[in-house]
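Student: I have not looked at this protein before. Could we go through it step by step?

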Amino acid sequence: MTTETDDGPGDTRAADGEALGPELFAERDGVRLCYQALGDPAWPTVLLVGGLGASMDWWPADLCVALSEGGRRVVRYDHRDTGRSTTGVAGEPAYTARDLLEDPLVILDDLDVDRAHLVGLSMGGGIAQELAVEHPDRVASLTLMSTSPALDRRDDTALPGPAPELSGLWDGSATGPGEAAATEASVREDRLLTGGGHFDEARTRAIARRAVRRSADPAAAANHAAVASGLPVRGALSEIRVPTLVVHGDRDPLFPGHGARLAAEIPGARLLVLHRTGHQVPPPQTWDRLLPALLEHTA
């Protein structure tokens, strides 16, 4: 474990990050993964796994603090090609989806944590499902937010597709060079993904600006969508044996209705539907329902 605190763009004393402490680095095979950990190491560890192209900034610090105040050790991290983790050339991913899957284990090993409660959002929810079947001994529970089945299902009925207004959202045409353009593109994406639900533009813009400023190259985050699959994950949703909470917004335009289908396929899973919520980290307006459910689930 290495620690860095400086006055550059990665300074965690900046607004919203300082409450979570210094940025730490886990290293393996020449790859550095940046993370933050908040709370007593003796508490249950909750590892937050973000979505496609998302740095840890998109897990809001006030949500992390609220979870920690409930007696949880909360860990968030930058995926490869985001934030201050190892970043390559945009358009040339030097890793596979399998590497993204294994990275959370690198973080846990660096923290000497045998088992953690995984909270995965969107792509992170897929990673969490896969870890639950590939490394069940490392997973204490799953919380799957705004995500879709990543493993084989008993029900082969097709799942509903994305809303038409999301067409072309990730083709890169709306992103120009520079910090301002990258920030605006992130705000536009978040606005569309809320599906007309809770959207706080000022809050989103502050997170987007911080994420862009922390990133070695914001354009490299698009590499996640271009990675090769790598060694395939073998398993089915019916094989997941850890306690599972599925959290899904009733206005999710990317995975409409997928949460209910996901919960139905995982043995014993519970479903929490959040109203006026789209494809997003649950906004503060939902925390009166989310936090008690999450703290109970990870007790």
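**Helix H7 and the rest of the chain**

Tutor: This is a predicted model. In helix H7, which covers residues 287–297, the buried residues are Trp287, Leu290, Leu291, Ala293, Leu294 and His297.

Student: Which helices and strands do the buried residues of H7 pack against?

Tutor: Packing here rests on contacts, meaning heavy atoms within 4.5 Å. Among the strands, the partners are S6 (116–121), S7 (139–145), S8 (244–249) and S9 (270–274). Among the helices, the partners are H1 (61–69) and H5 (201–214).

Student: Where does histidine 198 lie, and which residues does histidine 198 touch?

Tutor: Histidine 198 is in the loop between helix H4 (179–193) and H5. Leaving out residues up to four places away in sequence, histidine 198 touches His275, Arg276, Thr277, Gln280, Pro283, Gln285 and Thr286.

Student: Is histidine 198 buried or exposed?

Tutor: A residue counts as buried under 20% relative accessible area. Histidine 198 has a relative accessible area of 13%, so histidine 198 is buried.

Student: How many disulfides are there?

Tutor: A disulfide needs a pair of cysteine sulfur atoms within 2.5 Å. The cysteine sulfur nearest to that of cysteine 34 belongs to cysteine 64, 13 Å away, and cysteine 34 is in no disulfide. Cysteine 64 is in no disulfide either, its nearest cysteine sulfur being that of cysteine 34. The count of disulfides is zero.

Student: Are cysteine 34 and cysteine 64 buried or exposed?

Tutor: Cysteine 34 has 0% relative accessibility and therefore counts as buried. For cysteine 64 the relative accessible area is 1%, so cysteine 64 is also buried.

Student: What share of the residues of the protein chain count as buried?

Tutor: The same cut-off of under 20% relative accessible area applies. Of the 299 residues, the share that count as buried is 53%.

Student: How many helices and strands are in the protein chain, and what is its radius of gyration?

Tutor: The protein chain holds seven helices and nine strands. The globule rule gives 19 Å for 299 residues, and the chain comes close to this, so it is as compact as a globular protein of that length. Its radius of gyration is 18 Å.

Student: How far apart do the centres of the positive and negative side chains lie?

Tutor: There are 28 positive and 44 negative side chains in the protein chain. The centres of the two sets lie apart by 4 Å.

How values were computed: Residues numbered from 1 in each chain as written. Predicted model: local features only at pLDDT ≥ 70, side-chain atom pairs only at ≥ 80, totals over all residues. Heavy atoms only, no water. Helix = DSSP H or I, 4+ residues; strand = E, 2+ residues; numbered from the N terminus. Rg over C-alpha atoms; globule rule 2.2 N^0.38 Å. Buried < 20%, exposed > 50% of the residue type's maximum accessible area, 1.4 Å probe, protein only. Lys, Arg positive; Asp, Glu negative; His and termini not counted. Charge placed at Lys NZ, Arg CZ, Asp CG, Glu CD.
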